[in-house]
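Have the model open and follow along.

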Amino acid sequence: MSHIENQRLPRWATRQEAMHYAKVGSTTMNELMHSRKIFAKKLGNKVLVDLNSIDDHYEALPAVGDEVARCT
């Protein structure tokens with residue numbers, strides 16, 4: 001398999017569609033985009049979000065129970 005075949009193609013969605021897909025509100029979506037945790041581009045006055053970057057971000061989140069134990 002070639003290097004190009006190994007790469008996923010971006011799956012673009014509008015900001016509203018991406019918010020629905022990620023199940024987050026506008027503030028969280030803005031924070032994710034501006035911190036570059038997810039990938040977005042500007043097309044005229046539209047913001048397009050790569051849904052694969054949302055998947056990658058969610059995959060990198062810790063699982064419930066994997067949190068660092070807090071000292072009390």
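Two residues are in contact when they have heavy atoms within 4.5 Å. Keep that in mind for this chain: among contacts between residues at least 6 apart in sequence, 54% join residues at least 24 apart. You're looking at a predicted model, where local features need pLDDT of at least 70 and side-chain atom pairs count only at pLDDT 80 or more, while totals for chains, interfaces and linings use all residues. Residues are numbered from 1 along each chain as its sequence is written, and side-chain values use heavy atoms, with hydrogens and water left out.

Helices (H or I, at least four residues) and strands (E, at least two) are DSSP runs, numbered from the N terminus. Of the 72 residues, 25% count as buried, meaning under 20% relative accessible area with a 1.4 Å probe, protein chains only.

Now find the sheet. The three strands form an open, antiparallel sheet in the order β1-β3-β2; two strands pair if DSSP finds at least two bridges between them. β1 (12-14) and β2 (40-43) sit at the edges with a single partner strand each, so one side of each has no neighbour in the sheet. From one strand to the next, the twist averages 35°. Angles here run from 0 to 180 degrees between N-to-C directions, and axes are lines fitted to C-alpha atoms, for helices over the stretch in contact. Look at β2 and β3 (residues 46-50): they pair antiparallel over four bridges, and alanine 40 stands opposite valine 49 in β3.

Next come two helices that pack on the sheet. Helix α2 (residues 15-22) touches β1 and β3, and its direction makes about 100° with that of β1. Helix α4 (residues 51-60) also touches β1 and β3, with its direction at about 50° to that of β3.

How do you describe two packed helices? You use the angle between their axes and the distance between the axes. For α2 and α4, the angle is about 30° and the axes are 10 Å apart. The two helices are therefore roughly parallel to each other, a label for angles under 35 degrees. So which residues make this contact? Ala18, Tyr21 and Ala22 come from α2, and Leu51, Ile54, Asp55 and Tyr58 from α4. By class, that's six nonpolar, no polar and one charged residues, where Ala, Val, Leu, Ile, Met, Phe, Trp, Tyr, Cys and Pro count as nonpolar, Asp, Glu, Lys and Arg as charged, and the others, Gly among them, as polar.

Key: Angles under 35 degrees count as roughly parallel, over 145 as roughly antiparallel, 65 to 115 as roughly perpendicular and the rest as oblique. Buried means under 20% relative accessible area, exposed over 50%, partly exposed in between (1.4 Å probe, protein chains only).
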